[in-house]
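Please keep the sequence and the structure in view while reading.

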Amino acid sequence: MALAGTIQIAGNANAGPAEVELNTLAERWVVRPQDFGSLGSFSAGGSFTWVNGMTAQPTPTSNPILASFRCPYSPGAICLVKKVVATLILFQAATGTGANVAYPLALMRVDNFATQYINAANNAVSATLPQVLSPTPGQKLRSRMTAPTADFIIPSSAGAGTSQTLIAPVGVTSGQVVTPTLSVTPITQTVGFGVNGTGPIYLCNTDPPLFYQRAGELPLILDAETGFVLQFNGTTPSFATGLSSLVVSIFVHWEELQLGTYTLPGLFS
Amino acid sequence: MAVQVVGNVNNSTAVEVELNTKAMRAVIRPDDYGSLGIYSIGATSGTIAAGLAAGSAIFSFRFPTGGTATLVNVKRVLMSAIGGATAFAAGTGKFELFAARSFSGSDTGQTDITPAAASATSKLRTSMATTSMVGTGDIRISSTNAVTAGTRSLDAQPLASLACVCSATTSVNMLGGAMVPLFDQRVGEFPLVCATNEGFVIQATVTATGTWVFSVSCTWEELAAY
């Protein structure tokens, strides 16, 4: 029995109480994931390859966007982005101009993100549709979760002589006109260097992840019609003569929570 | 008036609060596996033959019905891959991890690495129960070619995707690191929770001509509830 003036911590269904270690005087805890309530916790990934050059990127940014993630308008729900993992592999031809050039890769927050936008390629070959990684059937980290609502796309692959599918966020297209706004500075940024005519170069790799908030750290909180893009931020690989290619893979772990029921006022509200 | 928090069996031992930071000391314990357990397995393939079809299954994990556990929490899947003695046609490939649902029939062929019955294999503590994967569960890895699909439904998109290098030079690391996390859920993050007849599959797409070898390590919990 506990001494007078002390308390023991009991559980809900389980009486417990929690243990305190004899020597370290530390109380035993187990850390559980965020309570997603009636929504869920999700993961989605994909990859694409671009060969021989990139066409001009549409507004609101002139930098090629490699992935686009949007929290849609879903009343009372938000997205918590926990992890963004990307791998970029660059092959440059021996005759390329990218030797010792730095290629920054940035994660940019986007506000006023009303819808995803698919741009037709700027050359004569028609573009293929982007790959829709979410919402799709699945992506749940437990089958009985509600299906995800987040809007996550990446470009499709484009071989030599074919055009890329370019993606870009847009604001409301009718009635109220709103310009999507990218953050002035990146949430996170990495950089790799190009080398001509040698083996593949990793511009970005999985460890550490591009964005990774651990236990106790604030995730990237996306309210309705906000999101993020992964883009080159500055110099973009410019494939010169010869065969050059860029391979990108990306996956994202996120949670969808309902406001008011499972969030704390002032924290995730 | 303050109270002190004391323990269960150690019911005269009060938890400490740090002098300067005023933080209460805590120790993080794993999920309570009860009478079940927490397991890990690692395996290396054989030399994968050239010309593997795109999107081939190279690793398969199926949690069956009929075992003691109700759920399997997949916490971590790590991979490494390296080109072999015959170089690839230069290019890139990918590895993708798909959730497999309605997994009523195990994949077949290649190398079965499912833990053997009544052995300490894969347990992170010998006193843990034999894994529910024993018997009708199935874990397998490619030896020279693709694993043959059983009865399962893969999600439309993978849970995770990694691009890899297929080099025209032999013996090149395909993933840019010795061991790369393909799925790695840490403290406070949601694992892949598999009910019975669920699991996951790793698929590979590589360029032609090359031979290669890969390894996979997987850690999972078997629980009655989560």
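Trp29(A) counts as partly exposed, because its relative accessibility is 38%, where buried means under 20% relative accessible area, exposed means over 50%, and partly exposed lies in between (1.4 Å probe, protein chains only). This residue sits in strand E2 of chain A, which covers residues 27-29; strands (E, at least two residues) and helices (H or I, at least four) are DSSP runs, numbered from the N terminus. The model is predicted, so local features need pLDDT of at least 70 and side-chain atom pairs count only at pLDDT 80 or more, while totals for chains, interfaces and linings use all residues. Residues are numbered from 1 along each chain as its sequence is written, chains are lettered from A and ligands numbered from 1 in the order in which they are written, and side-chain values use heavy atoms, with hydrogens and water left out.

**Where the chains meet**

The contact (heavy atoms within 4.5 Å) takes 63 residues from chain A and 57 residues from chain B. About 5,100 Å² is buried between chain A and chain B, and carbon and sulfur atoms give 55% of this area; buried area is the accessible area (1.4 Å probe) that two parts lose on being put together, summed over both. In chain A, the residues that lose the most area to chain B are Trp29(A), Leu141(A) and Arg142(A), which together make up 12% of what that side buries.

Phe190(B) lies in the loop between strand E11 (180-184) and strand E12 (192-194) of chain B, and it counts as buried because its relative accessibility is 5%.

**Charged pairs**

Side chains of opposite charge can pair when their charged atoms come close. A salt bridge is a side-chain nitrogen of Lys or Arg within 4 Å of a carboxyl oxygen of Asp or Glu, and the structure holds 15 of them over all chains. Across the interface of chain A and chain B the rule finds 2 salt bridges. The table lists some of the pairs in the model.

| Pair | N to O distance |
|---|---|
| Lys83(A) and Glu189(B) | 3.4 Å |
| Lys75(B) and Glu221(B) | 3.4 Å |
| Asp184(B) and Arg76(B) | 2.8 Å |
| Asp184(B) and Arg186(B) | 2.9 Å |

Asp184(B) takes part in salt bridges with Arg76(B) and with Arg186(B). Asp184(B) counts as buried because its relative accessible area is 8%, whereas Arg76(B), with 29%, is partly exposed, and Arg186(B), with 33%, is partly exposed too.

**Chain A as a whole**

Chain A has 0 helices and 17 strands, and buried residues make up 52% of its 269 residues. Among its contacts between residues at least 6 apart in sequence, 84% join residues at least 24 apart.
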